Amino acid sequence: MSYLELRGISKMYGDGATEVRALDRVDLAVDAGSLVAVMGSSGSGKSTLLTIAGSLEDPTSGEVSIGGRSLSSLSRNGKAQLRRQSIGYVFQDYNLLAGLSAVENVSLPLELDGVAARKAQVVALESLEDFGLADRASHYPDQLSGGERQRVAIARAVVGGRQLLLADEPSGALDSTNAESVMRLILAACHRGLAAVVVTHDAQLASWADRVIFLRDGRIVDQTLPVVSPETFLADVRNQ
Amino acid sequence: MSVRHALLALLSEGPKYGLQLRQEFESRTGEVWPLNVGQVYTTLQRLERDGLVESDDVSEEGPQKGFHITEEGAVELAQWLRTPPDFSSPPRDELVIKVLVALGLPGVDVHEVVQLHRRYLVELMQQWTRLKEDESRLDLNFALVVDAELFRLDSLIRWLDTADGRLKRAAGEAVLAPQPFPLPKARRRVGAPE
C-alpha cells in the first residue's frame, strides 16, 4: 500500500453560480521512498491538492489515507496529531519563526509533540548536521541566506522521523544552484524512505522526481513514464 | 558544433596525437558528443591545409603522427572564442512549427498537442537530472553540458506553458468578444450599383 493515497478527490469552493471546482476526481498514490512532482500552471489546483494531502483542508468528496489511516476516520485532534508526527511541510517562503534560532525552529515541532526540550534540541541539532548546517544552529533566520533558510525548513520538515514531506514551490525564491541543493536534500530524504510530493510550475525542479503528474483545471491529465538507467540513457545520447 | 576549433583549443595546450585529441575531446565534452577517428583526421588535414596546425613529422602517418598549433591557429582560436554564435534570426524550431500548425487544423486539440510535447520534454529532463544525481560522477565539464541541456529543454517547456496560457486566454476572449458582423455572401464588385 502506498504511504499517501488520494482517491477520487474533488474540492469545490463557493456554491451555485460562483461554484469553483478546484480539484476534480483526483487519484494519486505516493509510495514510501518516492518523490512525486505535481506540475501545473497557477490555478490548476496544485496547492489545493497539497493542502488536502496534508490534511490542512478537507476534500468535498473522496478519500485521503496516510500511512494506511483514512483521514475521514480521524477526529480533529487525531488529524492534528498525524500532522505533527508524520507530515512535514515546506513552503516557498520558508515559514521559519523569526524570533527562534535555526535549531529552535527545528526542535519546535518535536517539543509541540511532547518531546522534552533538551532531547528535542539534541535531535534538531543532529538533523541540522545532516543538512550541513551544524555551524548555523544558533543563527536566526535573518542571519541566514535564502538557501540556508530553506535547508533549515527542510530539516524542520523531516525531523523526528516524519514520513511524508509536502513541498509547495520549495525553491521558488532561490537561484538555480540553491534550488538544486534543495532538491538534492529532498531526494536524499526520499532515499531514506520518506514519501514526498513537490508541487511546482518549474520543470527543472520537477525533473528531480521519480514521477511527474500534470494537473490542469483540477484534473490529472498526464504523467511521465518511468526513467531508464543513466547508463542506458547516456548510451542512447551518444548513439544519436 | 565546431570540432575544428575544439581541436585547435586542445592543441593550444601543446602538441598532441590524433587519437589523443579524440580521447581528450570526448572527455572534455562529458562523453556526450562521440567523435570518430576519421572525423579527427579529416579535420586535422583541413587545419593543416589552412596553415592553422602543422604535423611534427611529414614522413610518419597514422596514430603516432603528432600535431601542433601554428601562430595563425592561435589567432583563429582567439577570434573564434570571442565571436558570438549567430543567434540573430530564430531557428526553424520543429516544436514551434508543430504547435503553430496545430493551431490552424480543424479537429486538433492544441492543448493536447502541447501537453504531449511537454511530457516528453519533462521525461528527457528527468533523464538528464538523473545524470547529475550521483555527484561523484559529475566532473565540471560534464555538469556544464548537463546544465546546458536542462536549460535548453526547460526553455522549450516554458514556451509551451506560455503558449498554453495564451491559447486559453485567447479562447476565453473569443467567447466573450462581440460577434463579428456577418460576412457578405458574395463579394460586391467595387463601384457596382447597390
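This is a predicted model: local features need pLDDT of at least 70, side-chain atom pairs count only at pLDDT 80 or more; totals for chains, interfaces and linings use all residues.
## The four-stranded sheet of chain A

One open sheet of chain A consists of 4 strands in the order E2-E1-E4-E5, with antiparallel pairing. Its edge strands are E2 and E5 (69-70), each of which pairs on one side only. Strand E1 (residues 4-13) of chain A is joined to E2(A) by 7 bridges in the antiparallel sense. Within this part of the sheet, Met12(A) stands opposite Arg21(A) of E2(A). Helix H1 (residues 46-53) of chain A lies across E1, E2 and strand E4 (61-66) of chain A, and runs at about 120° to E1(A).

Leu28(A) belongs to strand E2 (residues 20-30) of chain A. This residue counts as buried because its relative accessibility is 5%, and the cut-off for buried is under 20%. Leaving aside neighbours within four places in sequence, Leu28(A) is in contact with Leu4(A), Glu5(A), Leu6(A), Val36(A), Leu49(A), Arg211(A) and Ile213(A). For one of these contacts, Leu6(A), the separation from Leu28(A) is 22 residues in sequence and 4.9 Å in space, C-alpha to C-alpha.

## The six-stranded sheet of chain A

Another open sheet of chain A has 6 strands in the order E6-E7-E8-E3-E9-E10, and its pairing is mixed. Strand E6 (87-91) and strand E10 (219-223) of chain A each have a single partner strand, so one side of each is left without a neighbour in the sheet. Direction ignored, neighbouring strands of this sheet are turned by 20° against each other on average.

Strand E3 (residues 35-39) and strand E8 (residues 195-200) of chain A run parallel and are joined by 5 bridges. Ala37(A) has Val198(A) as its bridge partner in E8(A). From chain A, helix H5 (residues 146-158) lies across E6 and strand E7 (164-168) of chain A, at about 165° to E6(A). From chain B, helix H6 (residues 110-133) lies across E3, strand E9 (211-216) and E10 of chain A, at about 155° to E9(A).

## The contact between the chains

Chain A contributes 33 residues to the contact and chain B contributes 32 residues. Between them the two chains bury about 2,800 Å², of which 54% is on carbon and sulfur atoms. On the side of chain A, Gln204(A), Phe233(A) and Arg238(A) lose the most area to chain B, together 23% of what that side buries.

Between chain A and chain B there are 7 salt bridges. Asp210(A) forms a salt bridge with Arg130(B), in which the closest N and O atoms are 3.2 Å apart. Helix H6 (176-191), helix H7 (203-206), E9, E10 and helix H8 (230-239) of chain A each give two or more residues to the side that touches chain B. H8(A) gives the most, with 6 residues.

## Helix H2 of chain B

In helix H2 (residues 18-28) of chain B, the residues Gly18(B), Leu21(B), Glu24(B), Phe25(B) and Glu26(B) are buried. Their cover includes H8 of chain A, together with helix H1 (3-11), strand E1 (16-17) and helix H3 (37-49) of chain B. Just after H2(B), Gly30(B) takes a positive phi of about 70°.

Conventions. Residues are numbered from 1 along each chain as its sequence is written. Chains are lettered from A and ligands numbered from 1 in the order in which they are written. Side-chain values use heavy atoms; hydrogens and water are left out. Buried means under 20% relative accessible area, exposed over 50%, partly exposed in between (1.4 Å probe, protein chains only). Contact means heavy atoms within 4.5 Å. Two strands pair if DSSP finds at least two bridges between them. Axes are lines fitted to C-alpha atoms, for helices over the stretch in contact, and angles run from 0 to 180 degrees between N-to-C directions. Buried area is the accessible area (1.4 Å probe) that two parts lose on being put together, summed over both. A salt bridge is a side-chain nitrogen of Lys or Arg within 4 Å of a carboxyl oxygen of Asp or Glu.
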